[in-house]
Amino acid sequence: MARASLEAIRDAAPAVLPSLLLCDFGDLKGEVAKLHDAGARVLHLDVMDGHFVPNMTYAMPIVSGLRRHTDMPLDVHLMISDPLKYAGPMVDAGADMLTFHVEAVRDAAETAARIRDLGVSVGVALNPETPLGSLRECLANVDMVLVMSVEAGFGGQKFNPIALEKLQTLRSEFPDLLLQIDGGIDATTIGPARAAGCDLFVVGSAIFKKGDYKAAISTLDDQIRSHGPPNDPDSNDLGVGN
Ligand code: DX5
Ligand code: ZN
């Protein structure tokens, strides 16, 4: 199921991925149903360990609880110091994609290969200050790059445009690589991210701080559509800055 779900993620793209960081944890089943009804097709789960990042969130029990309530692919963003220690339990809990941070590991290529051996898709994430060169050795072993547009750790931070340059560079060098952006994505920043070549847009505040998830996602989808790359038939080619 897990590798097959990579096709479901690719098919959904370009897409908004709600980040379950600001949702109502007292009603996860209801939140998942509301997000699906609002048009979400992939969920982004932010796992933080209080060590790699100063914040703590949740881990396997929440992932397995969500798994029981949805068939949507679960894209798990591991903001943890030892991703390999928890990769197996996360797969058992029902994760479809595991994204680790390049800053957290000594050998990113080996980490990616070992996660892939577990039968799931693999992403590698990098923080705004981390240069793209840090990904060189591992790119052959990953399905997706997550370009952080805020320092990993907290929702509600301001978008850092350095992410746009990284997306443009990755898109021009690797036309088929799945690209994701995470942090400070809203109706004004999502368009430039799409124009820079991004496929998957993680959104926390701009969905969960609005009452109407469907209206929030459709506003974001409209911006994705109107800022597509030049070869995107759905795009009107407005590009960065429009
Ligand atoms: C930040 C997390 C994000 C976060 C995004 O470390 O990885 O997924 O929830 O939240 P917003 O959209 O509020 O920046
Ligand atoms: Zn995230």
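View 1. The model is predicted, so local features need pLDDT of at least 70 and side-chain atom pairs count only at pLDDT 80 or more, while totals for chains, interfaces and linings use all residues; side-chain values use heavy atoms, with hydrogens and water left out. Residues are numbered from 1 along each chain as its sequence is written, and chains are lettered from A and ligands numbered from 1 in the order in which they are written. A backbone N or O atom of Gly204 is 2.8 Å from an oxygen atom of ligand 1. For His77, a polar side-chain atom lies 3.2 Å from an oxygen atom of ligand 1. In total, 20 residues surround ligand 1, and the closest are Asp46, Gly153, Asp182, Gly204 and Ser205; a residue is counted here if one of its heavy atoms lies within 4 Å of the molecule.

View 2. The zinc ion (ligand 2) is coordinated by His44 through NE2, Asp46 through OD, His77 through ND1 and Asp182 through OD, at 2.0 to 2.3 Å. Donors are N, O and S atoms within 2.8 Å of the metal (3.2 Å for Na, K and Ca), and sites may look incomplete because water is not among the atoms. The site has 6 donor atoms with angles of 67 to 169° among them and is octahedral; for six donors this label requires opposite donors over 155 degrees apart and all others between 65 and 115. The donor residues follow the sequence spacing H-x1-D-x30-H-x104-D. Distant parts of the chain are linked by the pair of His44 in strand E2 (residues 43-48) and His77 in strand E3 (residues 74-79), 33 residues apart. Strands (E, at least two residues) are DSSP runs numbered from the N terminus.

**View 3. Annotated positions.** An unreviewed UniProt entry lists His44, Asp46, His77 and Asp182 under "binding site". These residues are spread over 139 residues of sequence, yet they cluster in space, with a largest C-alpha distance of 10.5 Å. The "active site" annotation of the unreviewed UniProt entry covers Asp46 and Asp182. These two span 137 residues in sequence, but no two of their C-alpha atoms are more than 10.5 Å apart, so they gather at one spot. UniProt positions are given in the numbering used here, feature names are shortened, and annotations may be inferred rather than shown by experiment.

View 4. Asp46 is in strand E2 and is buried, with a relative accessible area of 3%; buried means under 20% relative accessible area, exposed over 50%, and partly exposed in between (1.4 Å probe, protein chains only). His44 also lies in strand E2 and counts as buried because its relative accessibility is 0%. The side chains of Asp46 and His44 are joined by a polar contact of 3.0 Å. Residues up to four places away in sequence aside, Asp46 touches Ser19, Leu21, Thr57, Tyr58, His77, Met79 and Asp182, where contact means heavy atoms within 4.5 Å.

**View 5. Surroundings of Asp182.** Asp182 is found in strand E7 (residues 178-182) and is buried, with a relative accessible area of 9%. Its side chain makes polar contacts with the side chain of His44 at 3.1 Å and with that of His77 at 3.2 Å. Beyond its neighbours within four places in sequence, Asp182 is in contact with residues including Leu146, Val147, Met148 and Val202.

**View 6. His101 beside His77.** The side chains of His101 and His77 make a polar contact of 2.9 Å. His101 lies in strand E4 (residues 97-101) and is buried, with a relative accessible area of 0%. Among the contacts of His101, leaving aside neighbours within four places in sequence, are Phe52, Leu78, Met79, Asn127 and Met148.

Definitions and conventions: Four donors count as tetrahedral if all angles lie between 85 and 135 degrees; four count as square planar and six as octahedral if opposite donors are over 155 degrees apart and all others between 65 and 115; anything else is irregular. Helices (H or I, at least four residues) and strands (E, at least two) are DSSP runs, numbered from the N terminus. A polar contact is a pair of N or O atoms within 3.5 Å; within protein, one must be able to donate a hydrogen and the other to accept it, and residues adjacent in sequence count only if both atoms are side-chain atoms.
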